[in-house]
Amino acid sequence: MKSTVIGLGLESSCDETAAAVVENGRLIRSNVISSQIDLHREYYGVVPEIASRAHLEAINTLIARALDGAGIGFKDLDYVAATNRPGLVGSLLIALQSAKVISYAVGIPLIAMNHIEAHLYAPFLEGRDPSYPFIGLLVSGGNTALYQVRGIGDMELLGKSADDAAGEVLDKIAKYMDLGYPGGPAIERQARNAARKDVLFPKILPGSGDFRFSFSGIKTAAINYLKTHPGADPSEVAYGFQERVLEILVRRTIAAARGRGISVIVVAGGVAANSRLRELLAAGLRRGETLVIPSPALCTDNAAMVAGAGYRYFVNGGSDPLSVDVHAKS
Ligand code: KG4
């Protein structure tokens, strides 16, 4: 094995097109992202057909920028990794097909990556290696799920949302309140201004050993509250709603760690950028328990995490055939 292994990562599972060059699965040599937020804003959510067209328009330029930024060419690559699951099928195809072409033309292995596994790899790119096994909470606009992670390629799903993802309910309530898109950061900003902190929504207590999530009840409660309290201060409603959504995440995650006797927790995905979530998780920990959350830029979708996690497969001799397909679910 060469002492320097260079990988290109590509990501287009939802509304970010991204390309990154990572050295030895750790050093980010370049990391470029084209966000489609402006294209989807008027719809308050990601429109799949618009997303896949925008990925197609952006991907070649992003690949060129990632290679330029790293000061390398295609011939310097040792492998190419792309997300192939879970996500929007038409969107996933853009990065995966591009990676297949590069793999074939350059003659390097293709690694098809699980987006969730890539998210949970992000701390390794910042030198904050969580020790295995750890409890991984992936919390984004498309997914809310808890895993026990024993190593690369060895993740056990403990529970996921039975209905909306956490980011999705934040986006939906922000839309209902006309706070803007994406809703998570909009609600977080509003919540910071709340003078009173007593607008409360139903408390959902986890049953012991049940690590599933549900957010639709609390979403309905918030909508009913807003209908019956037309003069409510938006910042106070945002605070109450955000607090309950985060409480569900925190309680389930800590219960899973303690239930499994695991002391390391990794939280990743767009909602992990929320500073109140970081605060509540840190406050809930006991001595000896460790919390690892990537910096906000590596919490949201990016391709460095795809190239990084792909490296682990590459060094173990992993590669996928050009016939590998995309999948909406993980
Ligand atoms: O991981 P991500 O970039 O994309 C996927 O959904 O795959 O996550 C986007 C989600 C959106 O629902 C957005 O509202 C939420 O993450 N989000 C946040 C914050 N920043 C992004 N939610 C709460 N607080 C934030 N600061």
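Glu188 is buried, with a relative accessible area of 10% (buried means under 20% relative accessible area, exposed over 50% and partly exposed in between, for a 1.4 Å probe and protein chains only). The model is predicted, so local features need pLDDT of at least 70 and side-chain atom pairs count only at pLDDT 80 or more, while totals for chains, interfaces and linings use all residues. Residues are numbered from 1 along each chain as its sequence is written, and side-chain values use heavy atoms, with hydrogens and water left out.

The side chain of Glu188 has a partner: it meets that of Arg192 in a salt bridge, with 3.2 Å from N to O (a salt bridge is a side-chain nitrogen of Lys or Arg within 4 Å of a carboxyl oxygen of Asp or Glu). Arg192 and Glu188 are four residues apart in helix α6 (residues 183-192), so about one helical turn separates them (helices are DSSP runs of H or I with at least four residues, strands are runs of E with at least two, and both are numbered from the N terminus).

Elsewhere, salt bridges with shared partners link Arg150, Asp154, Glu156 and Arg260 in one network.

How many salt bridges does a search of the whole structure find? The search finds 21. One of them links Arg26 to Asp129, whose closest N and O atoms are 2.4 Å apart. Because Arg26 lies in the loop between β2 (16-23) and β3 (27-35), and Asp129 in the loop between α4 and β6 (134-139), this pair ties together parts that are 103 residues apart in sequence. Arg26 counts as partly exposed at 34% relative accessibility, and Asp129 counts as partly exposed at 38%.

Attention now turns to strand β7. This strand (144-151) is mostly covered, as seven of its eight residues are buried. On one side, β7 is joined to β6 by six bridges, and the two strands run antiparallel (strands pair if DSSP finds at least two bridges between them). Ile135, for example, has Gln148 of β7 as its bridge partner. The pair β6 and β7 makes a hairpin with four residues between the strands.

β7 also pairs with strand β8 (residues 154-160), again in the antiparallel sense and over six bridges. Within this pairing, Gly151 has Asp154 of β8 as its bridge partner. β7 and β8 make a hairpin with two residues between them, and Gly153 in the turn has a positive phi of about 75 degrees.

On a 1 Å grid over the protein atoms alone, a cavity is a set of points where a 1.4 Å probe fits but cannot get out; a pocket is an open set with protein on both sides within 12 Å along at least five of seven lines, and lining residues have an atom within 4 Å of a point. Grid points are joined across faces, edges and corners, and a volume is the space filled by probe spheres set on the points.

Which residues line the largest cavity? They are Glu117, Leu120, Tyr121, Phe124, Tyr132, Phe134, Val149, Gly151, Ile152 and Met155. Eight of these lining residues are nonpolar, one is polar and one is charged (Ala, Val, Leu, Ile, Met, Phe, Trp, Tyr, Cys and Pro count as nonpolar, Asp, Glu, Lys and Arg as charged, and the others, Gly among them, as polar). Helix α4 (115-121) and β7 each supply at least two residues of this lining, and α4 gives the most, with three. Domain 1 (6-121 + 301-315) and domain 2 (130-293) both contribute residues, so the largest cavity lies between them (the domain bounds come from an automatic or database domain assignment).

The largest pocket has a volume of about 1,300 Å³. Its lining holds 47 residues, and Cys14, Ser140, Gly141, Gly142 and Asn143 lie nearest its centre. Among these lining residues, 18 are nonpolar, 17 polar and twelve charged. α4, β7, β8, α5 (166-176) and α6 each supply at least two residues, with α5 giving the most, six. Both domain 1 and domain 2 give residues to the lining of the largest pocket, so this pocket lies between them.
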